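Please inspect the sequence and the structure before working through the solutions.

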Amino acid sequence: MNQRRVLVTGAGGFIGHHLVSSLKTQGYWVRGVDLKYPEFSRSDADQFEVLDLRRWDSCLQATRGIHEVYALAADMGGMGFISCHHAEILHNNSLINLHTLEAARVNGVERYLYTSSACVYPEYRQMDVDVAPLKEEDAYPAQPQDAYGWEKLIAERLCLHYHEDYGMNTHIVRFHNIYGPEGSWVDGREKAPAALSRKVAVAKLGGDPTIDIWGDGAQTRSFCFIEDCVHGLSRLMASDFHDPLNLGTDRMVNINELARIIAEVAGTSIEIRHIEGPMGVRGRNSDNTLLRKVLGWEPGVSLEKGLGITYRWIEDRVREHIARAPDRKKALGELRTSRIYQPPCA
Ligand code: NAD
């Protein structure tokens, strides 16, 4: 039995919730902290505290008696959210990051893992759909597209300086599009795999094959399944590596292809309609050279397998939603769009 005490911040969110379950199977004592409880299933945490980590006193309370912190709490979402909420994101996440790390230092936390994002990479390296995979050192000279990327970059630097100045054992991961079941799928913070799964499910169940895609759908990304993500996090936490490290797959697909793979796993056919909407950078892929070197591992779940699991979970949510709705047709219509992004917000 591993009696080390671990804190997962953002444990009510998508990745944090899965991470708590994974840490419990490894025998850790786990405290989860978030503004809210997980939405879709009970947390496996030994203790779950509802705290606002923008506050210094909450951060002190959260990190007390803890050996290892996985810092995941953040005000974030997919393109529809991060392209429209710059001030809120920069303000809230800066407070969370500054206070959580300092409280961990004050409370003598031994290991600290900060979850950054591929959104730190500069826009000028992501102008083509056929982009060169991004290496960790490509983050500089810095020019992230959104406030979300700047906030992540500053928090990365904070972790590096806490390591250099205080000898804290800090780790930094840069996620590339993590997806899977039990994440946002309709609240306006959902990312492309969940949003497209919902749209494909609506097309399948509603009998109208048309699905809307923001922009021309030629923008490229790589996607990493949640099971690989939590596995990589544990490996990085146990390592002696302190610089930023990519965590993603290096199979790049465009958004139109992503929709078609989802339609295939759903067993339905779709017709794509391109509409105005935020697209983010033109192309992005992960260079996993350093990941393989440092962790001796890289994500292995195929996109088809991961999307199959994710799609089935979202189709079940769509079925539940329309079964409860008084007007089935209206409910299906509402599920076609994201709740936050309304053009022309960007
Ligand atoms: P998520 O939104 O599902 O989870 C984040 C959680 O943080 C939410 O449950 C939210 O309630 C909580 N939170 C927000 N403000 C808080 C506060 N003031 N106090 C306490 N809790 C607060 O997002 P996720 O996908 O699970 O992402 C987890 C981390 O990984 C985030 O830091 C995110 O920026 C980073 N990340 C995720 C992805 C991805 O593809 N999902 C990509 C890059 C980086």
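The exercises below each consist of a task and a stepwise solution.

The model is predicted: local features need pLDDT of at least 70, side-chain atom pairs count only at pLDDT 80 or more, and totals for chains, interfaces and linings use all residues. Residues are numbered from 1 along each chain as its sequence is written, and side-chain values use heavy atoms, with hydrogens and water left out.

**Exercise 1. Describe the shell around the ligand.**

Step 1. Helices (H or I, at least four residues) and strands (E, at least two) are DSSP runs, numbered from the N terminus.

**Exercise 2. Identify backbone polar contacts of the ligand and state how far the protein covers it.**

Step 1. A polar contact is a pair of N or O atoms within 3.5 Å; within protein, one must be able to donate a hydrogen and the other to accept it, and residues adjacent in sequence count only if both atoms are side-chain atoms.

Step 2. A polar backbone atom of Ile15 lies 2.8 Å from an oxygen atom of the ligand. For a backbone N or O atom of Leu72, the distance to a ligand oxygen atom is 2.9 Å, and for one of Gly13 it is 3.1 Å.

Step 3. On its own, the ligand has 820 Å² of accessible area, of which the protein covers 93%. Accessible areas come from the Shrake-Rupley method with a 1.4 Å probe; for residues, only the protein chains shown count as cover.

**Exercise 3. Locate two backbone features in loops.**

Step 1. Tyr140 and Pro141 are joined by a cis peptide bond, with omega about -5°. Pro141 belongs to the loop between β5 and α5.

Step 2. Asn177, a residue other than glycine, has a positive phi near 45°. Asn177 is placed in the loop between β6 (169-175) and β7 (178-179).

**Exercise 4. At what angle do α4 and α5 pack?**

Step 1. Axes are lines fitted to C-alpha atoms, for helices over the stretch in contact, and angles run from 0 to 180 degrees between N-to-C directions.

Step 2. Helix α4 (residues 86-106) packs with α5 at an angle of about 15°, and their axes are 9 Å apart.

Step 3. Angles under 35 degrees count as roughly parallel, over 145 as roughly antiparallel, 65 to 115 as roughly perpendicular and the rest as oblique. Therefore α4 and α5 are roughly parallel to each other.
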